[in-house]
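I opened the notebook to look up a few things in this structure. My notes follow in the order I made them.

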Amino acid sequence: MNVRVYVTPKQGILDPQGATVERALPALGFQGVKDVRIGRFIELTLDMPQGATPEAADALVDDMCKRLLANPIIEDYTYAIDEG
Amino acid sequence: MSAATEPVRFGLVVFPGSNCDTDAFQAVATFPGATARYLWHKDTGFDDIDAVILPGGFSYGDYLRCGAIARFSPIMDAVRGFAGDGGLVLGICNGFQILAEAGLLPGALIRNTCLTFVCRYVNLRVETTATPFTSACTPGERPRIVVKHNEGNYTADPETLARMKANDQIVLRYVDAAGEPTDAANPNGAVESIAGVCNEGRNVFGMMPHPENSVEDGLAGGTDGRCIFRSMIDHVLAARAAHGAGAGGDASRPAAAAGGAR
Amino acid sequence: MSADQSGRAGTPGIRLHATLADAVKLGLTEDEWHKLCEIQGGEPTYPELAIYSLMWSEHCSYKHSRPILGRFPTSGPRILQGPGENAGVIDIGEGWAVAMKVESHNHPSAVEPFQGAATGVGGIIRDIFTMGARPIASLDSLRFGEIEGEENARQRYLFEHVVGGIGFYGNCIGIPTIAGEVYFEDSYAGNCLVNAMCAGLVRTDKIVRAKAAGIGNLVVLIGAKTGRDGIGGASVLASQEFDETLEEKRPSVQVGDPFTEKKLIEACLELLDGKLVVSMQDLGAAGLTSSSSEMASKGFVGLDIHADRVPLREADMEPWEIMISESQERMLSIVEPARLDDVIEVCTRWDLDATVIGEVTDTKLLRILWHGEQVGAIPARRLADESPVIRTPSVKPAYLADEPVDPEAVAAGDDTFGLPAGTPVYPAPAAGDEGLGAALLELLAAPNIASKRWAYEQYDYIVQANTVQIPGSDAAVLRVKDTPLGIAFATDCNGRHCYLDPLRGARAAVAEAARNLSCVGALPLAVTDCLNFGNPEKGEMYWTFEQAVEGMAQACEALETPVVSGNVSFYNESFGNAIYPTPVVGMLGLLDDVSLTADHRFKDEGDVILLLGPDTAALDGSEYQKVHFGRVEGRIPDVDLDLEKRLQAAVRDGVRRGLLTSAHDCAEGGLAVALAECAIGSGATGGLRTDDPDTAVPRFLGAEVELPAASSGSAATEGDAAAPSAAAGRTDIALFGEGPSRVIVTLAETDLDAFLTLLDGVPWANIGRVTGERLAVTIGGIEAFRLPVRRLCEAYESLPQRLH
């Protein structure tokens with residue numbers, strides 16, 4: 001199954017990168033931009049054993065996010081799992 | 001006659017986050033025949049400049065991508081015009097990254113293969129002296145200069161690389177003490193150990209190592225970086241002498257710099 | 001009684017009412033509550049209570065340490081600013097002064113190592129440019145648990161991310177990270193230490209102090225927007241032990257933005273240089289609260305702060321949150337109204353916000369206003385002056401009451417060291433490459449001794465073009481542009497020694513920092529300190545703190561290096577386990593002529609090697625005792641401060657007269673490791689390796705060293721017998737034992753007589769020559785080892801491969 005993970009800075013955590021890009025966009029003529037947050041997008045393919053439940057895959061991906069893909073102290077994550 | 005005695009005027013572009021601008025300023029000042037002045041990133045043009053340096057540092061914090069925001073600074077239009085008119089443009093480290101982002105140099109600089117910042121003295125090999133930036137070097141000379149970067153891993157597609165080789169645009173490579181471009185001597189994983197390249201017109205040059213930190217005796221960096229500045233100064237003086245012969249009284253203003261502001 | 005009770009004064013939803021229960025929840029004691037009620041003339045509002053809780057926290061008030069810190073010498077002819085400002089300032093001549101300070105960021109780094117270390121670096125840099133000084137050097141003193149082995153993955157993670165965070169901030173902002181130290185000991189496993197030091201240069205007539213002045217002047221906040229970063233950080237994290245409740249108390253982590261701080265440096269230095277602002281203060285721990293109350297109290301004035309005018313990153317913040325937020329990269333300045341436009345112009349040019357958030361008043365009150373309505377008013381001076389002082393009754397720790405290892409037994413050649421039967425012994429390795437040689441390789445590879453290149457190559461140590469000596473030397477050396485001067489910096493502290501004897505260990509830490517400076521030819525001038533200890537409410541911990549401060553004070557007095565700034569970090573305990581007492585010493589040294597410096601690298605074939613200093617090598621507390629025998633015990637030797645001073649003067653003189661070709665302190669691993677480091681270092685000069693062009697590997701210089709077999713006095717050499725003797729048959733202790741006041745120097749034979757006249761009674765011994773590509777040591781005619789320097793270097797550089 002294909003997994004897409006989105007990692008973004010936690011709400012309330014300073015995102016210097018997002019803030020700098022937000023300041024740069026109007027200089028190029030893009031007005032009305034706000035709340036720029038810059039994160040990471042991770043794609044991966046997961047081979048689950050035959051008969052594994054969607055819940056098992058979900059738990060596995062969640063664990064990956066917690067332990068490696070995101071830093072839960074400063075980052076939020078969401079993910080989507082495509083069956084098949 | 002005055003052309004030979006007028007100092008060669010360097011313009012150093014200061015972006016927010018530039019941090020080797022003062023080092024480059026000082027490096028230029030160690031050459032008796034040269035002067036330096038800062039150019040602010042919001043300026044739309046400049047006059048009376050013989051050579052432009054985009055210094056190292058972290059313009060805009062290196063956020064998004066190195067050089068990605070700086071390339072849109074107002075001054076970059078002027079730099080592009082200056083380069084288009086044949087003016088000398090040297091990009092050091094972050095300056096190289098900006099020139100690549102701006103399309104003034106081929107290729108791109110990506111994350112070091114070691115995934116960490118690297119500050120280390122490297123041996124370089126001068127691959128061609130047929131540029132205004134290396135003409136004072138001897139062919140095969142091996143200056144030892146510091147690199148310090150996160151994203152110094154030069155990359156270009158095979159067609160571009162082939163074209164660059166055909167045009168003799170690969171100017172510096174990382175080599176070991178024996179002069180071989182080995183993997184161990186390559187600090188960042190750059191393709192074919194490339195440390196510096198020039199454009200087809202040979203008047204725009206980008207290099208990851210920092211020659212401005214290797215110009216003074218008594219400091220840790222040594223003096224191996226002087227050859228780069230020496231070459232640029234010699235080139236400007238030679239061009240001036242050539243133009244000056246026909247340009248009469250206005251010899252101090254080289255043709256290359258005249259179209260800078262627009 | 002509900003802690004969530006909301007006030008309804010003017011603005012709905014703003015928390016105004018406060019109770020004793022709230023105070024306790026915020027970490028204040030009942031006594032402190034009554035005290036503040038007395039100062040306030042009644043119960044405080046919630047914003048007032050939040051301010052007291054932070055300003056009276058251990059971190060901000062130094063309530064446990066203040067009475068003890070008075071012991072430090074803090075003045076001297078060169079001291080322009082002692083403790084009490086953002087940084088100490090020392091006159092170095094030629095119209096220049098150095099501002100310097102070290103500060104801990106231990107607790108934030110334990111929670112999030114990368115950002116914790118990064119914001120630690122950022123915070124200390126702000127302290128320096130707040131004084132009007134341009135930051136020119138960063139140093140770092142780090143401690144982690146053991147990092148080798150499966151079970152220590154967390155320690156490796158901490159180490160790697162702390163190094164990454166330091167590099168991220170320092171490299172981006174363009175301040176060279178020129179030196180530092182890192183130790184790995186189990187005692188730091190639950191509490192890593194991240195102490196960041198910064199130094200800057202300022203003209204002596206341009207020093208800025210953080211006091212508000214001029215009734216009617218404006219309070220202008222410059223820099224980043226304010227969010228909920230680190231709310232409660234200073235009081236909660238740094239003022240109690242780590243335990244399982246930490247998770248819920250964890251404040252919102254601060255994220256560093258070096259790009260904004262780089263712009264802040266340029267803008268603030270421009271404002272200060274042009275005298276566009278009256279004064280300036282950075283926002284550190286406790287944010288707006290501490291900066292505004294300190295400025296008011298130092299200036300004997302009042303400040304009105306309109307909390308609603310502070311630019312926010314998160315819309316729904318309450319006044320008390322705005323007052324205590326620890327959002328980074330912000331500065332508070334006092335501006336004359338007529339200068340405001342100029343100030344805003346400079347800030348705008350650097351893409352920085354500058355917002356008027358208040359004014360200077362004659363009320364002597366720190367008043368907090370919210371949409372025009374007062375939500376808090378505190379007498380600024382009393383907030384500062386009447387903060388609580390606590391002196392814990394001190395008790396000598398039980399572990400120190402143990403019988404020390406019996407030195408008589410050592411002299412008698414008894415391997416058990418007089419320990420009771422059944423305790424493990426200290427069997428000495430046999431002479432030869434397989435015995436003593438292997439022990440040397442083991443020590444060189446040990447994380448506390450091994451090369452730290454892996455770490456410092458992640459730091460830009462060359463930017464600003466002043467670096468004369470790169471990391472890996474005894475001390476970093478920078479030139480002072482446009483002058484003949486050089487300045488040198490070192491940080492030192494052996495926590496294990498301080499654990500075994502806090503008084504002696506602290507004396508030794510100061511002496512070693514000074515010795516490192518003297519080895520590069522610099523005269524030690526002043527100290528900044530970071531005192532890392534456990535829970536000060538415990539009598540035993542308090543005793544070690546008192547002892548360490550006493551020890552540092554004695555050494556600072558003797559070596560004439562006053563303490564000009566510093567920081568205390570208590571509560572470095574987790575689950576009841578305290579760190580080793582770790583009083584980190586950061587020291588500044590001065591070279592009259594920067595071209596006359598020395599490093600530790602062997603230079604010339606045939607040079608004579610001298611060992612200067614007393615025969616003090618001891619097993620107790622040594623790296624050898626820990627690495628080879630797995631033990632930490634005994635009594636460390638004390639430093640003779642008078643001798644130390646003469647020794648250092650002789651070394652400095654030798655360097656300054658150009659007599660010495662190298663000088664190196666004998667520290668961890670003793671004489672043998674020091675010799676090995678000189679030999680390994682010979683493969684490089686400055687940043688430039690002297691590679692062998694044929695083999696593409698560095699070329700090394702080794703040495704032939706001969707130590708006497710007999711004890712002091714009957715040495716085979718012409719000096720006063722400094723060489724460690726092997727009288728007791730313990731060649732291993734002669735080689736690897738550690739003791740203070742020992743320096744290895746090399747010099748041309750023709751310069752020997754001239755140098756000996758400088759020694760002023762300092763014991764010395766001629767122990768051999770620089771020669772060949774092997775390091776060979778013979779003791780009493782028996783060869784201890786003969787190893788190729790290349791092999792020593794491989795061991796010394798082996799740590800990164802072992803960790804990955």
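**Cysteines**

I looked for disulfides first, and the count over all chains comes to 0. This is a predicted model, and I kept that in mind throughout.

I then went to Cys192(C). Cys192(C) is in no disulfide. The nearest cysteine sulfur belongs to Cys530(C), 13 Å away.

Next I checked Cys530(C). Which cysteine sulfur is closest to that of Cys530(C)? The closest is in Cys493(C), at 10 Å. A disulfide needs the two sulfur atoms within 2.5 Å, so 10 Å is too far for a bond. Cys530(C) also counts as buried, at 0% relative accessibility.

**Glu314(C)**

I located Glu314(C) in a loop of chain C. That loop lies between strand S9 (302-306) and helix H13 (319-324). Is Glu314(C) buried or exposed? At 16% relative accessibility, Glu314(C) counts as buried, because the cut-off is under 20%.

I followed the side chain of Glu314(C) and found that it reaches the backbone nitrogen of Arg228(C) at 2.8 Å. I then listed the contacts of Glu314(C), leaving aside neighbours within four places in sequence. In chain C these are Thr226(C), Gly227(C) and Arg228(C). Glu314(C) is also in contact with Gly12(A), a residue of chain A.

**Chain C overall**

I stepped back to chain C as a whole. I noted 28 helices and 32 strands in its secondary structure. Chain C has 804 residues, and 65% of them are buried. I also looked at contacts in chain C with a separation of 6 or more. Residues 24 or more positions apart account for 83% of these.

**Chain B against chain A**

Last, I looked at where chain B meets chain A. I found 5 residues of chain B in contact with 7 residues of chain A. Together the two chains bury about 550 Å² between them. Of that area, 84% is on carbon and sulfur atoms. Which residues of chain B lose the most area to chain A? They are Tyr63(B), Leu64(B) and Ile69(B), together 77% of what that side buries.

I searched this interface for salt bridges, and the rule finds 0. For polar contacts, it finds 1 residue pair, both at pLDDT 80 or more. By class, the side of chain B that touches chain A has 5 nonpolar residues, with no polar and no charged ones.

Definitions and conventions. Residues numbered from 1 in each chain as written. Chains lettered and ligands numbered in written order. Predicted model: local features only at pLDDT ≥ 70, side-chain atom pairs only at ≥ 80, totals over all residues. Heavy atoms only, no water. Contact = heavy atoms within 4.5 Å. Buried area = accessible area lost by both parts, 1.4 Å probe. Salt bridge = Lys/Arg side-chain N within 4 Å of Asp/Glu carboxyl O. Polar contact = N/O pair within 3.5 Å; in protein donor to acceptor, adjacent residues only side chain to side chain. Nonpolar A, V, L, I, M, F, W, Y, C, P; charged D, E, K, R; others polar. Buried < 20%, exposed > 50% of the residue type's maximum accessible area, 1.4 Å probe, protein only. Helix = DSSP H or I, 4+ residues; strand = E, 2+ residues; numbered from the N terminus.
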